Amino acid sequence: MTEKDYVELANLLYPDAQDTAFYLKKYKPRNAKGEVTRIAPSPTGYLHIGQLYQAVIHRMVADKTGGIFYCRLEDTDTKREVENAGQIAYDMLVRFGLKPDEGYCGDRREIGEYGPYVQSKRIEIYNAFAKELVKRGKAFPCFCAGSENKEEILKRREEELEESNDIEVKDPCRNLTLEQIKANLKAGKKFALRLKSEGNVTKTHEFVDRIKGKKDLRENAKDDVLIKSNGVPVYALAHVVDDTLMGTTTIVRGQEWFQSLPVHIELSRAFGFKPFKYAHTPNICVIDEKTGNKRKISKRKDPFADVRFFLKQGYPTTAIIEYILNLLNSDFEVWRKNNPTLPYTEFQFAINKIGVTNPMFDFAKLNDISKTIISRYTAEQVYTNALNWAKEWNEKDYEIIKQNKANLIKVFSIDRGGDRPRKDITKFDEITTLYNYVLPNFKPKFNLNLGNVNKQKLKEFLTDYANNYAQQADNQAWFENLKQVAGNHNFVDNKTYKQNPSAYAGNITDASKFVRLAITGAENSPELYSIMKILGKATCVERLNNLIKKLK
RNA sequence: GGUCCCUUCGUCUAAUGGUUAGGACACCACCCUUUCACGGUGGUAAUAUGGGUUCGAAUCCCGUAGGGAUCACCA
């Protein structure tokens, strides 16, 4: 075909499309001095933990460089679309404190000069650029079979792999003559638009990825589809066109994209666009229980893939973000230790500090971060957060928390506020069980394990303690009293006990342990004096007597 | 199967040819203590493997093994 033929073909395929110059003029280059990043959720489910991970990078990179972070909805896969999912994804970003500056803001709203930010509303733009490509002889229509379902594709792929290792072949339709194309169009046949690849897989060129570093990249040689036969573009075209028009400077995305990078580069060059910077991130993984191998977090197998899992459990959103930051820039935790009260946004995040290997999701580490964050809350903040959590996720807890404000705040206040606050709350769904002893209808459940303690003496001690129990003025007096009563029943201080354990009924630790067990039903609790004061004499005596009954 | 990427304590990672291979979480011990915690001190624990280059290798090169990803009119 001649250059003239290409122009004729372009007009034939896209008679109504605008000239690309129109759009290139309409969307002015940005004057932001920093990096422009974007998150591009597809409305195919809910916000995935991996997308949240990406969003942290986008938000931090934009903030640290004085740039812009925007949101674009990639709804070109009509088959997989789930209703409301775009809205939910956006809402989740906002809740996690990663609100985009611009773009898609839910189903009825968008902000910014570079819209529309929903791809299904940009079809005419894609057509304009498709037409330009045809004019330049860099794309051609393909009249072969249309879309298949996933099972068919997987089956066909397997068959193809058996036949040949190299399925990167040029598409036969690239050789159709103008006359043949005209005949197909006249017959009413639908077409997909394919890239007419000029690459050669044996040639490589140097490429620098902002995370992976210097790499040799093979040229693309595949005539990939750019626009499906239903007129909707695939990711490659949408990415190159949108990110160019919207002024994205750095494409941050998962490393599964790394191998399609050559197509994106070829396409971008075919248009004569300025190349993007790219950063391909690792993927958060877990160990698969069946195979014992690492695998990407899966929406179907891992309930925490959906970020709402963490909200439902009552993790503070900052705990998730700080955990992710810790995976991304491992010096974050050092910074956090030195700056315990600064917001994480002050941290000097750097994209090139991101590692290249896939990290494993570690709940132990997340829990530690979460505990530390909650330990810095005031008692009122703990209460408010717990109440808000319960209001959304747990009706029963909500009623309990609402009706027991005074006691809960008192118990949250113990060991809180100093330099070394107590770290015992991991997430808000634990509150009603962790502090059940200050709530109504408390029924302690524990296994009574006496260890080396003399049962008869213990019973005598507890009876004496219960019968003569009086509220004390302060913690010191309270403990002196406990020590004295216990001492009367052969419970001695720890040093004395150590010298000859068999001579005594037990030590002061034992005595306290069983009082604690009677009062709280647990071996761990905040400082007992305060708890007993909150509960009042009658309740304490009753609980002590309940334990004594069990000691028969 | 082809291609691409990766491999340092159990986990997250630091160490840009010279460190006693460092830190954090988890685990254990001890200390503190007025009980539970918090905290403190210490401990167990790693350069996948075989060659090569080098005075010297976790670091550079080659092979091997293992793992991940990709090979759609999905993103």
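**Close-up 1. Helices H19 and H21 are roughly perpendicular to each other in this predicted model.** Helix H19 covers residues 475-488 and helix H21 covers residues 508-520; their axes come within 10 Å and cross at roughly 110°. Angles of 65 to 115 degrees count as roughly perpendicular, and the pair is therefore placed in that class. On the H19 side the contact consists of Phe-479, Leu-482, Lys-483 and Ala-486, which meet Ile-508, Ala-511, Ser-512 and Val-515 of H21. Sorted by class, the residues of this contact are 6 nonpolar, 1 polar and 1 charged.

**Close-up 2. Helix H21 also crosses helix H23, residues 537-550.** The axes of H21 and H23 come within 8 Å, with a crossing angle of roughly 110°, which makes these two helices roughly perpendicular. The crossing of H21 and H23 is right-handed. From H21, Phe-514, Val-515, Ala-518 and Ile-519 meet Cys-540, Arg-543, Leu-544 and Leu-547 of H23. This contact has 7 nonpolar residues, no polar ones and 1 charged. Val-515 is listed in the contact with H19 and in the contact with H23.

**Close-up 3. Three strands form an open antiparallel sheet in the order E5-E6-E9.** Strand E5 (139-142) and strand E9 (225-227) are the edge strands, each pairing on one side only. Neighbouring strands of the sheet are turned against each other by 45° on average, direction ignored.

**Close-up 4. Strand E6 pairs with strand E9 in the antiparallel sense.** Strand E6 spans residues 192-195, and its pairing with E9 runs over 2 bridges. Arg-194 has Val-225 in E9 as its bridge partner.

Key. Residues numbered from 1 in each chain as written. Chains lettered and ligands numbered in written order. Predicted model: local features only at pLDDT ≥ 70, side-chain atom pairs only at ≥ 80, totals over all residues. Heavy atoms only, no water. Axes fitted to C-alpha atoms, helices over the stretch in contact; angles between N-to-C directions. Helix = DSSP H or I, 4+ residues; strand = E, 2+ residues; numbered from the N terminus. Parallel < 35°, antiparallel > 145°, perpendicular 65-115°, else oblique. Contact = heavy atoms within 4.5 Å. Nonpolar A, V, L, I, M, F, W, Y, C, P; charged D, E, K, R; others polar. Pairing = 2+ DSSP bridges. Left-handed = near helix turned anticlockwise from the far one by under 90°.
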